[in-house]
Amino acid sequence: FFLMIRRPPRSTLMRSSAASDVYKRQGINAEYGTCNEQQSTMALEWLGLGAKLNIDILIGDADERRTIELPRDGGKTDPMFVYVGDEDPVFGKVKLSLKSGKKLEHLGVKLELIGQIELFYDRGNHFEFLSLEKELLPAGTIDKAHEFDFDFENAPKPHENYCGVNVRLRYFLRVTVLRSISSNITRELDLWVYSYQSPPEVNNTIKMEVGIEDCLHIEFEYGKSKYHLKDVVIGKIYFLLVRIKIKHMEIALLKRESTGSGPNVYNESETLTKFEIMDGAPVRGESIPVRLFLGGFDLTPTYRSVENKFSLKYYLNLVLVDEEDRRYFKQQEITLWRKVPTGLALNAQPTQSYSGVREEAARAEEEAKEAAIKKKNRKAKKEKDKKKKEAKEKKEAEAAEKEKAAADDAADDAAAADDAADDAAAADDAA
């Protein structure tokens, strides 16, 4: 066996080749895990040292769930099941089978749902932002076929899948058979996650004046700053001052991938498209329209500091070329987001599990929670009203007591005054 280590390419020649290059050089098989693991298992079985354990991961709603095709070597593609957001459940079955008469001792069998970021310049340290685990079998011996239902309900899936030049974000299910002496047996199934977004509440226009003092002064304006992936960029370029000989003007859509942090940041820029919007010298006051359809390109949403590991930004690059082939350019960042497809609700994916009672149980649990909250609120309101009533009664009693005490004091004062008057009258009579 020979091992060849090859540095990943630093750029891609075609706009759609990034994901393809990643999967080609990683050798990912959606059903059987990595090709290296599969070849090692086959080699052990050929030498008579392998366990010949078959592991199958079956998605519960595979017939109804949408899939996407990712390219592989030889023009082949790998289908991946598409999941949407946190509420889309991941459930299905795991099947373990041995050839008749065979046995396999193990230290346990587990199933994991993993979300992972892989940086290609740091292959040995993959960052896991999601790790959910279920134990399928305790330590023992496998001597017959086993079948297990699994259900990762409401598993958090905060990020979209992404395959770039130097980074990959992926979700996958992994079954691991732990063994003491021999290497562990693993099987992986990759999943694809989309995150749809609502239209932004604030979407300001982009308007900026740029130029060279006393030579060139232009103003460009784009209708908005945030676009969905099938949107159209509409804008205008105004020439306010032209004292250099412009040969032509072009606009380009750039994608910039940044990986790492601090001083160890790797930037990869790719020009997705570039076309000429003006040929010939403009004159003062001329206006050049801009219209760019985004639907024809392989785009992803803008990612900003995903788990502090990578970012992905898009720019509109305006370039002017003079007769001496000097280039004047201005970049403007735009934000891309994934719009919910027409006719698809965010919760439109099937959510019924094998047991057939998931939704009813979830609904009953939700109703029980709501009933408990309402009961608690009623009890709290009753106690609050009771305390309020008691406080009011106490306040009224205190007020009545104060009023009575004031009346008694006034009566005492009046009696004392009468006594004093009587004494004064008796004194006068004696005199």
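Analyst: The side chains of Arg65 and Asp61 make a polar contact of 2.8 Å. A polar contact is a pair of N or O atoms within 3.5 Å; within protein, one must be able to donate a hydrogen and the other to accept it, and residues adjacent in sequence count only if both atoms are side-chain atoms. The side chain of Arg65 also meets that of Asp88, at 2.9 Å.

This is a predicted model, in which local features need pLDDT of at least 70 and side-chain atom pairs pLDDT 80 or more, while totals for chains, interfaces and linings use all residues. Numbering starts from 1 along each chain as its sequence is written, and side-chain values use heavy atoms, with hydrogens and water left out.

Where does Arg65 lie? It lies in the loop between strand S3 (53–59) and S4. Helices (H or I, at least four residues) and strands (E, at least two) are DSSP runs, numbered from the N terminus. Is Arg65 buried or exposed? Arg65 is buried, because its relative accessible area is 4%. Buried means under 20% relative accessible area, exposed over 50%, partly exposed in between, with a 1.4 Å probe and protein chains only.

Next comes strand S4, residues 67–71. Its covered face holds Ile68 and Leu70. Thr67, Glu69 and Pro71 make up the uncovered face. S4 pairs with strand S5 (residues 77–84) in the antiparallel sense, over five bridges. Strands count as paired if DSSP finds at least two bridges between them. On S5, Pro79 is the bridge partner of Glu69.

Strand S6 (residues 90–98) and S11 run antiparallel and are joined by seven bridges. Lys95 stands opposite Glu147 in S11.

Now the wider setting. The protein has three helices and 24 strands. Of its 431 residues, 39% are buried. Contact means heavy atoms within 4.5 Å. Among contacts between residues at least 6 apart in sequence, 69% join residues at least 24 apart.

Confidence comes next. pLDDT is the predictor's confidence in each residue, from 0 to 100. The mean for the protein is 81, and 83% of residues reach 70 or more. Residues 1–42 fall below 50; beyond near neighbours in sequence, this stretch has 84 contacts in the model. Residues 44–48 also stay under 50, with four contacts beyond four places in sequence. Where pLDDT is low, the predicted coordinates should not be read in detail.

The structure holds zero disulfides, a disulfide being a pair of cysteine sulfur atoms within 2.5 Å. Cys163 is buried, at 8% relative accessible area. Cys215 is partly exposed, at 28%.

One more site: Thr273, in strand S20 (residues 264–279). Thr273 counts as buried because its relative accessibility is 15%. Leaving aside neighbours within four places in sequence, Thr273 is in contact with Ile251, Ala252, Leu253, Leu292 and Phe297.
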